[in-house]
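Visitor: Could you walk me through this one? I'd like to start with the strands and then look at some backbone details.

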Amino acid sequence: MRMRWFLRSPIQSPLNLNLSPRRSFSLRALVPHWPSPASRRSLPRSSIPMAAIHNNSNSEAGLARRFWIKFTRQSIFAMYTPFAIALASGNLNIDSFHHYIAQDVHFLRAFAQAYELAEECADDDDAKLGICELRKAVLEELKMHHSLVQEWGLDLTKEHSINSATVKYTDFLLATASGKIEGLKGPGKLATPFEKTKISAYTLGAMTPCMRLYAVLGKKFQELLDSNDGTHPYNKWIDNYSSDGFQATALQTEDLLDKLSVSLTGEELDVIEKLYSQAMKLEIEFFSAQPLFQPTIAPLTKEHKPEEDHLIIFSDFDLTCTVVDSSAILAEIAIVTAPKSDQNQPEDQIVRMSSSDLRNTWGFLSKQYTEEYEQCIENIMPSDKLDYFDYKELSVALEQLSKFENTANNRVIESGVLKGISLEDIKRAGERLILQDGCTNFFHSIVKNENLNANVHVLSYCWCVDLIRSAFSSADLNELDIHANEFTYEESVSTGEIVKKMESPIDKVEAFRNILKNCNDDKKKLTVYIGDSVGDLLCLLEADVGIVIDSSSSLRRVGTQFGISFVPLYSGLVKKQKEYVEGTTSNWKGLSGVLYTVSSWAEVHAFILGC
């Protein structure tokens, strides 16, 4: 029941919630000590309407860059494919790589042909020259592929047929370059040079995501190479796509798309965006379709058998699932719906503080909590950083934090700031609560999947479980098991009291253990905990896989001092894949002292479920 909204908030723009019909309001204008815009996390870009991305006058980024930002979540699924992880690790079976190279040759030939068609449609000499240079770069890339083929004595024409994923992308690309786009005329029927130029822009829109994706993968794989180990079998491939030359070519492709799209209408830009999105999806399918002849570490559920296995997902709520902390929402409702100081209150209703007194009280509680929380964190730290992981010592330290949280929450209850909030307003606020991009998609994919024997438990300090239930119910996620505190009500209006069920790290880990204890089956259990704060530490560590999403600075500070290692999930998977051989287990086990970090729910989804 931590008041984390006092410490930070990720809101990027004012949050307007229509509560009861009498009024609506903006949280930023009312809640004291609201962080500056620079300190907030960004809202998920995929929540932005398609047309808005083209008309953002405040953005200095070009169209291609804005598209990449918007569709980065999709690119993560390509990076997390078993093929890409095995390739990055260096233990990809050589037959898989042979097959990939054969497919990519067909792919690149289509690219060269598409560039040729795009050049014919361009009416600007600079654009023609730019497209011509890009086509030459593709031909050079084909030479690199052929040199790899010669090194291994591979006959592409005899040994590998084109798979359906390759055909889907190349057909899509060449159809686009030929002007065969829904609602558009083909190049031969276009009346003016300007109309033909649109085809060049559309073609670049269908090619740019592939170029940027390969540039990103090349750089990522290069970062993961062991500088002391020159034996990576696919080093030449990685060197090519991480090279300054290829990075420049990817950027040149994006710059050219920007130039060709300058004079296009909003509707025409929408066409390019749809082509960009479709190309990204087909690229992911291309990576996913590559055959593997070896065991792989990902996805986590690859060997899941419902009759034998039981996957249990645990997740924190505030700022793990949400964009704004739930206590900020409750504070907002309380302040705005409170009576004014000169307003008489009905005798038959719960007596409430005036809105001005309530605002002042929240401000006082905020300041006090912030100061004491930071001091408590300092007090629980060992004097010297431990060079080993000590779970027991960490647990003892977090008992002090638990006492602090209990005292702070008692102050909130005793202050009366939570009195008089209507259940109707709480539910409406929950329905409008913005959840992190990809969070609900992931939960849907877990609980709606008939091929998984899985449950999702949300463990939260939130003062009001009804707010959480409403948020997930509005997303059609009634199957989630919610474990949180509860308001008490009189005639659907809060009394200011809270039924305390979970207000500390100790409470959370006890709930975690009890849930596992009460799983009345003999199936093999695999637990994953997803969290972002100090309050999640014990659960993160006890789970078989602990995933830290966009963590608070205090979590890192405390964890590091107690010997916990924070490892980026992707690099951790590549390392595990390198060590993973047939006949061994993936060896995910709790209390290892290692937590895996991610920047988005897309990474969680890609790791656990795949594409």
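Visitor: How many of the residues of strand S3 are buried?
Guide: In strand S3 (residues 309-315), 7 of the 7 residues are buried, so the strand is largely enclosed by the rest of the structure. Buried means under 20% relative accessible area, exposed over 50%, and partly exposed in between, with a 1.4 Å probe and protein chains only. Helices (H or I, at least four residues) and strands (E, at least two) are DSSP runs, numbered from the N terminus. This is a predicted model, in which local features need pLDDT of at least 70 and side-chain atom pairs count only at pLDDT 80 or more, while totals for chains, interfaces and linings use all residues. Residues are numbered from 1 along each chain as its sequence is written, and side-chain values use heavy atoms, with hydrogens and water left out.

Visitor: Which residues point which way from S3?
Guide: Asp309, Leu311, Ile313 and Ser315 point one way, whereas His310, Ile312 and Phe314 point the other way, and all are buried.

Visitor: And what does S3 pair with, parallel or antiparallel?
Guide: S3 runs parallel to strand S9 (residues 524-531), to which 7 bridges join it, and serine 315 stands opposite isoleucine 530 in S9. S3 also runs parallel to strand S5 (residues 454-459), here with 5 bridges, and phenylalanine 314 stands opposite histidine 457 in S5. Two strands count as paired if DSSP finds at least two bridges between them.

Visitor: Switching topic, what is the order of the open sheet of 3 strands?
Guide: The order is S4-S8-S7, with antiparallel pairing. Its edge strands, each pairing on one side only, are S4 (419-422) and S7 (486-490). S4 and S8 (residues 493-499) pair over 2 bridges, and lysine 419 stands opposite threonine 495 in S8.

Visitor: Which residues are buried in helix H16?
Guide: In H16 (residues 423-431), the buried residues are Leu423, Asp425, Ile426, Ala429 and Gly430. They cover an arc of only 160° around the axis, which puts them on the same side of H16; the arc is that of the directions from the helix axis to the C-beta atoms.

Visitor: Now the backbone: which peptide bond is cis?
Guide: The bond from alanine 298 to proline 299 is cis, with omega near 0°, and proline 299 lies in the loop between helix H12 (266-288) and S3.

Visitor: What about phi of serine 492?
Guide: Phi of serine 492 is near 65°, a positive value in a residue other than glycine. Serine 492 sits in the loop between S7 and S8 and is partly exposed, with a relative accessible area of 42%.
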